[in-house]
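Open your viewer and keep the selection tool at hand. We will go from stop to stop, with something to pick at each.

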Amino acid sequence: MTESSLSAGLPRAARFATWSFFALNGFAVGMWVVHIPVVERATGISHTTLGALLLVLGGAAFVGMQVSGPLADRFGHRRVVPAAGVLLGLALFLPGLATSWWALGLSLVVFGFFNGSLDVAMNAQAVVVERAYPRPIMAAFHAMWSIGGALAAVVGAAVLGTGIPTAVTLSATGALCVVASLAAGRLLLDSGRGEPETETGTGPAPVTPSRTPSRVVWLLGALAFALMLAEGVANDWAALHLQDVLGTSASTAALAYGSFAVAMTVGRFATDRVAALAGPVAVVRYGSALAAVGLATASLSPWAPLALVGWAIFGLGLAGGVPQLFTAAGNLDTRASGALMARVVGLGYVGLLAGPALIGGLTRWMPLNVAFAVPFALCVAAVVAAPVIAPRQVREPAEVG
């Protein structure tokens, strides 16, 4: 093998390995989600207690994100990403063993922490891999996360139908995470790999952001908060919208989230090509505008079929924005991409958690479809703020296939 073919092969191998981590993370989280009702019954807790514990999980994930980002910068992605994957796998079996609220709470703290750790670390690695390519590839990584979650829904439904104990299923999933993380981790790139070189070829090119990075990263975080809040609203309220506002059956209502999720997954696979042609600003601007149109259609429609179309358009519009934000954050300073990304991903995750709760609170004073004015307004704000993600440094990626 020649030096040039080896140079091209490393980013390709790292790309597939990073795909694996995204799919694995989506599968692990999905397997936990489909077993939530079973765990709730096994521990004898109420819906209110479960809701509080899920917030604990989210808080632990946020902390994990802030810890793993700087660790990835300091010790390298090839160490932190697989370590986080292994620890997530080991933590996954804990909820299946819980028999009380406090045991479940402790297990979710551990699970959430390492899930957040893997989330930031693998996104930081995705930015490193993308630097070695002459085209955007970030959105496809996020599509693989969605594929992993969809696969978990299918597998989870099958194992629940056979009566396999939750502890066994989650332990098996955790073991898969451990083995796959150890195998795929060997193919990842170090954080310095794929960065542009100076004219003398002695190392990474100096970073020359056009604004203060701390200011820009918080603006990126605000955009991530807005778009992921909108995504969280669809995750938790799309089905209830059709059932409560339009009076459909539960089975028909379930199609609302299904149409949103499928459209988002398809959109993520298509986003990279769009970003290569039109640029990241256009993806966020026009994607957010499309999302606003879709949500308005769903909210105002008196007919279920049209509402389903609206939810699908909403998912398609939101598909590409967040991956562009993560890429922009990771490239603000290549020496601290993990720490910068931790802020943006963390704020986005807060939005994902806050959205459903905010809408739930607003429904005390207004109809559900009227409360959707909040995520609609945030999508419109993202249209205006899209230029903040304009690239701030020139990169010359290596030519790889």
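At what angle do the axes of helix 4 and helix 8 cross? Select residues 77–92 for helix 4 and residues 166–185 for helix 8. Their axes cross at roughly 170° and come within 7 Å. Axes here are lines fitted to C-alpha atoms, for helices over the stretch in contact, and angles run from 0 to 180 degrees between N-to-C directions. Helices are DSSP runs of H or I with at least four residues, numbered from the N terminus. Helix 4 and helix 8 are therefore roughly antiparallel, a term for angles over 145 degrees.

Before moving on, note that this is a predicted model: local features need pLDDT of at least 70, side-chain atom pairs count only at pLDDT 80 or more, and totals for chains, interfaces and linings use all residues. Residues are numbered from 1 along each chain as its sequence is written, and side-chain values use heavy atoms, leaving out hydrogens and water.

**The contact of helix 4 with helix 8**

Now show side chains. On helix 4, pick contact residues including Arg78, Pro82 and Val86. On helix 8, pick Leu170, Cys177 and Leu182, among others in the contact. Contact means heavy atoms within 4.5 Å. By class, this contact has eight nonpolar, six polar and one charged residues. Ala, Val, Leu, Ile, Met, Phe, Trp, Tyr, Cys and Pro count as nonpolar, Asp, Glu, Lys and Arg as charged, and the others, Gly among them, as polar.

**Along helix 8**

Stay on helix 8. It has 20 residues and reaches 28 Å from first C-alpha to last, close to the 28 Å expected. The expected span is 1.5 Å times one less than the number of residues. Its buried residues include Thr166, Ala167 and Val178. Buried means under 20% relative accessible area (1.4 Å probe, protein chains only).

Select Thr169, also in helix 8. Thr169 counts as buried, at 6% relative accessibility. Leaving aside residues up to four places away in sequence, Thr169 touches Met31, His35, Val159 and Ile164.

Pick Cys177: it is buried, at 1% relative accessible area. Cys379 is buried too, at 0%.

**Last stop: helix 6 and helix 13**

Select residues 101–131 for helix 6 and residues 321–330 for helix 13. Their axes are 9 Å apart, at about 80°. That makes helix 6 roughly perpendicular to helix 13, the term for 65 to 115 degrees. Asn123 and Arg131 of helix 6 are among the contact residues, as is Phe326 of helix 13.

Conventions. Helix = DSSP H or I, 4+ residues; strand = E, 2+ residues; numbered from the N terminus. Parallel < 35°, antiparallel > 145°, perpendicular 65-115°, else oblique. Buried < 20%, exposed > 50% of the residue type's maximum accessible area, 1.4 Å probe, protein only.
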